[in-house]
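Colleague: I'm new to this structure and would like to learn how to read it. Could you walk me through it, one feature at a time?

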Amino acid sequence: MEFSSDANQRIARLAAHLQPQMDESSILRRADCRAKGGSPGFKVAILGAAGGIGQPLAMLMKMNPLVSVLHLYDVVNSPGVTADLSHMDTGAVVRGFLGQPQLESALTGMDLVIIPAGVPRKPGMTRDDLFNINAGIVKTLCEGVAKCCPNAIVNLISNPVNSTVPIAAEVFKKAGTYDPKRLLGVTTLDVVRANTFVAEVLGLDPREVNVPVVGGHSGVTILPLLSQVKPPSSFTPEETEYLTNRIQNGGTEVVEAKAGAGSATLSMAYAAVKFADACLRGLRGDAGVMECAFVASEVTELPFFATKVRLGRTGAEEVYQLGPLNEYERVGLEKAKEELAGSIQKGIAFIKK
Ligand SMILES: NC(=O)c1ccc[n+]([C@@H]2O[C@H](COP(=O)([O-])OP(=O)(O)OC[C@H]3O[C@@H](n4cnc5c(N)ncnc54)[C@H](O)[C@@H]3O)[C@@H](O)[C@H]2O)c1
């Protein structure tokens, strides 16, 4: 059968699209192939996209109507995840990138970079135990961001967040690209857990509950402000103790239940998408987009702290104060600050050594 030259070109383009996708030339051909017809929206990269968090996160971002282009980068298995997700009939165009030589292509032109790359906790490990491996990974990836998309918003998920955010800040400072508004440590899972556990105690639908969680993202640094729960609610001292402990140890609950198979991935992917979607709505210019995040902050004497922030076109445009705390929370705040100070220092020292 004879095809017209137009048809031949279309078939050639499709064949290129379907080839195992990871060499430079096919990245270029695929850019030709569909991106022009893609929906308007933001360009998002996920670094660590083939992991336990990365895969469901990539799927949920592929379903997000605010995303036009989705870049999936990992050091293993990104071709398979990319091929799989690329068959979903949603608007975002998906492209895969494998290994360090393709990091720069993965990052160029991105509006938002989400980083869940690294190793997760196993039973008996604290988030700090992950420090040495994940610190090096985050450093390399952030050097790529500084070089290829210095204006992108960065959502940092890799643990220990209390140290990886200061590491990223130091990398960006060294590169001369640091904008504190654009670097956000993702603590949304703590808020998601707090909303769920508080709703259980109050007998409410979790979607109606909003619990501010401040401080950091590890053990006692996770400080739920139960006195500021919406809708306004009061708790007995036993309920306060139970809820605070459960929220602070929610991660360990999952690590132990998975018994060596990793840490929270599905609820984390959900939380990461909730946060990324808020960042994209902020970038679009929506008013009143508010989330908790671990950011550069003057709320306490520490250089980084998680509180509610307002997300706008340039990232975390406003960092909110803590608001009135009760005695239980004031004691918790002192403990949180003490531990956070050490974790922040550890991150900064890693880069400066
Ligand atoms: N912020 C949070 O609330 C939160 C919650 C849960 C887990 N985490 C953290 O998220 C991270 C990922 O967890 P997971 O369960 O998905 O782990 P995982 O091991 O399943 O996946 C991690 C992925 O990162 C990839 N990776 C490793 N080195 C890389 C590099 N240099 N560049 C790109 N990709 C690289 C791995 O190949 C893997 O696919 C861990 O650090 C974990 O502690 C954070």
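This is a predicted model: local features need pLDDT of at least 70, side-chain atom pairs count only at pLDDT 80 or more; totals for chains, interfaces and linings use all residues.

Colleague: Is Leu156 buried or exposed, and how do I tell?

Modeller: The general idea is to count neighbours: a residue is buried if 20 or more other C-beta atoms lie within 10 Å of its own. Leu156 has 27 other C-beta atoms within 10 Å, so Leu156 is buried.

Colleague: Which residues does Leu156 touch, beyond those up to four places away in sequence?

Modeller: Leu156 touches Ile115, Val161, Thr164, Val165, Ala168, Leu184, Gly185 and Val186. Take Val186 as an example: it sits 30 residues from Leu156 along the chain, yet their C-alpha atoms are separated by 5.7 Å. For the protein as a whole, residues 24 or more positions apart account for 69% of the contacts with a separation of 6 or more.

Colleague: How many helices and strands are there in the protein?

Modeller: The protein has twelve helices and eleven strands. Of its 353 residues, 47% are buried.

Colleague: Now a helix. Which residues of H3 are buried?

Modeller: In helix H3 (residues 54-62), the buried ones are Gly54, Gln55, Leu57, Ala58, Met61 and Lys62. Because they cover an arc of only 165° around the axis, they lie on the same side of H3. The elements covering these buried residues include strands S1 (42-47) and S3 (93-98) as well as helices H4 (78-86) and H11 (266-284).

Colleague: On to the ligand. How many residues surround the ligand, and which are the closest?

Modeller: There are 34 residues around the ligand, and the closest are Gly48, Gly51, Gly52, Gly118 and Asn159. By class, this shell has 19 nonpolar, 13 polar and two charged residues. Helix H6 gives the most to it, with four residues. Domain 1 (36-185) and domain 2 (188-352) each supply at least three residues of the shell.

Colleague: Which residues does the UniProt annotation "binding site" cover?

Modeller: That annotation, from an unreviewed UniProt entry, covers Arg121, Arg127, Asn159 and Arg193. Let's look at two of them. Arg127 lies in the loop between strand S4 (112-115) and H6, and with 24 C-beta neighbours inside 10 Å, Arg127 counts as buried. Leaving out residues up to four places away in sequence, Arg127 touches Arg121, Asn159, Pro160 and Ser218. Arg193 lies in helix H8 (residues 188-202) and has 27 C-beta neighbours inside 10 Å, so Arg193 counts as buried.

Colleague: What is the peptide bond from Asn159 to Pro160, cis or trans?

Modeller: Here the angle to read is omega. The bond from Asn159 to Pro160 is cis, with omega near -5°. Pro160 is in the loop between S5 and helix H7 (161-175). A cis peptide bond also joins Lys230 and Pro231, with omega about 0°.

Colleague: And phi: is it positive or negative at Asn77 and Ala259?

Modeller: Asn77 has a positive phi of about 60° although it is not a glycine. Ala259, not a glycine either, has a positive phi of about 45°. Asn77 has 16 other C-beta atoms within 10 Å, so Asn77 is partly exposed. Ala259 has 9 other C-beta atoms within 10 Å, so Ala259 is exposed.

Note on methods:
Residues are numbered from 1 along each chain as its sequence is written. A residue is near a molecule or strand if its C-beta atom, placed from the backbone, lies within 6 Å of it. Helices (H or I, at least four residues) and strands (E, at least two) are DSSP runs, numbered from the N terminus. Ala, Val, Leu, Ile, Met, Phe, Trp, Tyr, Cys and Pro count as nonpolar, Asp, Glu, Lys and Arg as charged, and the others, Gly among them, as polar. Domain bounds come from an automatic or database domain assignment. UniProt positions are given in the numbering used here, feature names are shortened, and annotations may be inferred rather than shown by experiment. A residue is buried if 20 or more other C-beta atoms lie within 10 Å of its own, exposed if 12 or fewer, and partly exposed in between; C-beta atoms are placed from the backbone. Two residues are in contact if their C-beta atoms, placed from the backbone, lie within 7 Å. The arc is that of the directions from the helix axis to the C-beta atoms.
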